[in-house]
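Subject: Handing over a structure

Hello,

I am passing a structure on to you, and my notes follow below it.

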Amino acid sequence: MSAPAAPLRPAAPAPGDAPVTLPLAGLHASLADPLLDAMTFLNEVTTRYPQAVSFAPGRPYEGFFEPEDVAVYLDAYLDHLAASGLDRDAVRTTLFQYGPTKGVVNDLVARTLANDENLAVAPEALVLTVGAQEGMLLALRALCAGPEDVLLVSSPCYVGVTGAARILDLATVPVPEGPDGGPDPAAVRAAAREVRATGRRPRALYVVPDFANPSGTSMPVPARTRLLATAAEEDLLVIEDNPYGFFSRDGVERPTLKALDRHRRVVYLGSFAKTCFPGARLGFVVADQEVTGPGGRRSLLADELAKLKSMTTVNTPALSQAVIGGMLLTHDCRLRAANAPATAHYAAGMGVLLAELERRFPAAGRERLGLSWNVPEGGFFAVLQVAFAADDAAMERCARDFGVLWTPMAPFYPAGGGERRLRLSISSLTPERIAAGVARLADFVHAETARAAAG
């Protein structure tokens, strides 16, 4: 019987050798950007205070997920493939092999968009992505050709898109939200012209029209029409991100910008993270713009995005697509109806949050506290204006001493601002936890306001 092999050990360094060190200054500049540290810090604080009521994450409520459903949806998709005439070998290839870069379940997604959003989308105009975040990266990389191209973003703005732009060395210019919510069309026009006056090209505007992260605001329909008209006047493309559109508190179904778009000016980003489940990491891009090339070559922007995707993630996992495809089939490709219980849950949660804020902070005392908040029409997020610096240090004091977490708003302002604002998310909490969290938050706000006043 042979002796057991000796464990492998790294070779001892030769005299004078030292492990390689990489100065941060020698890596991409985005890695030194505080923006990329913001979410990491939040995750670390959440881990350190697991018992705190957390208004920080924008993830869906887990009570709607059952592990057994994954197998049910996968079986539904397998039955669909068999009914489509695929034999066992073809099904095996579909599930286990690298698939088409643009996706496998494009036809089902197109049917769902027609049913839920009144969007007539050809399956070939879709690219299935690894979450909407990949869709952002692909769209920004394809649309912005050189250093003179500038992305306009609403302010405050989702850090995922400003972070993606930073990684791509793409300049961003913030556009303030208007009084009714969303980027003000007049401010968009002014920003585009200011950019053009510097010799650069305002290429696109990124916007979340429905219940935006982080502000919770939603654009009225007339403002959406004006925004599209402004984009046409200024030759801007619009990148519309729509993770929260189903979750209205008033039952009103607002048309997406893409549904109002008559000239294919809107590139539409969608995700199944909030409407199905985030662990599948499945998003999509509607990119139906025609692209012309040398010799009369014509393609869709979706085809060009697929080229970029083939050099990054290669293709989106077929297994994730199969599970989400089965979910779409199970619900007759009508996710709005399937999400009715979730919509009611989030609406109730937002109602509890707003009612508890009113109860814990009576109107007579708010001016003294320098306190106010918005009243979102739906979605996951509300924003609290306070009289003290709502920064990382304050958030950690709140978690440690009062057992409640929230998100500082300053990282959402590309040009600075938001230092005395904090975001509250109700999406992952029950009404009882929301009420308990607001009670703790009220104690913190009183204590922190007194602390700030004392100097």
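Predicted model: local features only at pLDDT ≥ 70, side-chain atom pairs only at ≥ 80, totals over all residues.

Salt bridges

The structure holds 27 salt bridges. In one of them, the side chains of E396 and R48 meet, with 2.6 Å from N to O. E396 sits in helix α15 (residues 392-402) and R48 in helix α1 (residues 34-48), so this pair ties together parts that are 348 residues apart in sequence. R48 counts as partly exposed, at 42% relative accessibility.

Another salt bridge joins E134 to K309, whose closest N and O atoms are 3.0 Å apart. Here E134 belongs to helix α5 and K309 to helix α10, so parts that are 175 residues apart in sequence are tied together. Both E134 and K309 are buried.

A further pair is D235 and R265, where the closest N and O atoms are 3.5 Å apart. D235 is in the loop between α8 (221-233) and β6, while R265 is in the loop between α9 (257-260) and β7, so the pair ties together parts that are 30 residues apart in sequence. D235 counts as exposed, because its relative accessibility is 56%.

A charged residue without a partner

Is E240 buried or exposed? E240 is buried, yet it has no salt bridge. The nearest side chain of opposite charge is that of R224, and it is 5.1 Å away; a salt bridge would need a nitrogen and a carboxyl oxygen within 4 Å. E240 is part of strand β6 (residues 237-241). Setting aside neighbours within four places in sequence, E240 is in contact with V207, P209, T256, L257, K258, V266, V267, Y268 and L269.

One of those contacts, V267, is worth a visit of its own. V267 is in strand β7 and is buried, with a relative accessible area of 1%. Apart from neighbours within four places in sequence, V267 is in contact with V238, I239, E240, V285, V286, Q289 and L301. V267 and V286 are 19 residues apart in sequence, while their C-alpha atoms are 5.9 Å apart in space.

The nonpolar cores

In soluble globular proteins, nonpolar side chains tend to be buried together. In this model, the largest nonpolar core has 104 residues, and L353 and W406 are those with the most contacts inside it. Not counting residues up to four places away in sequence, L353 touches F55, A382, L424, I426, I434 and V438. There is also a second, separate core of 20 residues, which includes V173, A187, A223 and V238.

L353 is one of the buried residues of helix α13, and among the others are A342, H345, M350 and E356. The buried residues of α13 pack against β11 (372-373), β12 (381-385), β15 (421-425) and α16 (431-453). How far apart are the end C-alpha atoms of α13? They are 30 Å apart, which agrees with the 30 Å that its 21 residues (340-360) should span at 1.5 Å a residue.

Helix α10 (residues 301-310) has L301, A302, E304, L305, A306 and K309 buried. Its buried residues pack against β2 (126-130), α5 (131-143), β7 (266-271), β8 (282-286), β9 (290-292) and β10 (298-300). K309 is the residue that forms the salt bridge with E134 described above.

In helix α14 (residues 363-369) you will find R366. R366 is buried, with a relative accessible area of 17%; the cut-off for buried is under 20%. Leaving aside neighbours within four places in sequence, R366 is in contact with E358, F361, L371 and W373.

The cysteines

How many disulfides are there? The count comes to zero. C157, for example, is in no disulfide, and the nearest cysteine sulfur, that of C144, is 14 Å away. C157 is buried, with a relative accessible area of 1%. C398 also counts as buried, because its relative accessibility is 0%.

Conventions
Residues numbered from 1 in each chain as written. Heavy atoms only, no water. Core = buried A, V, L, I, M, F, W, Y, C linked by side-chain atoms within 4.5 Å. Buried < 20%, exposed > 50% of the residue type's maximum accessible area, 1.4 Å probe, protein only. Contact = heavy atoms within 4.5 Å. Helix = DSSP H or I, 4+ residues; strand = E, 2+ residues; numbered from the N terminus. Lys, Arg positive; Asp, Glu negative; His and termini not counted. Expected span 1.5 Å × (residues − 1). Disulfide = S-S within 2.5 Å.
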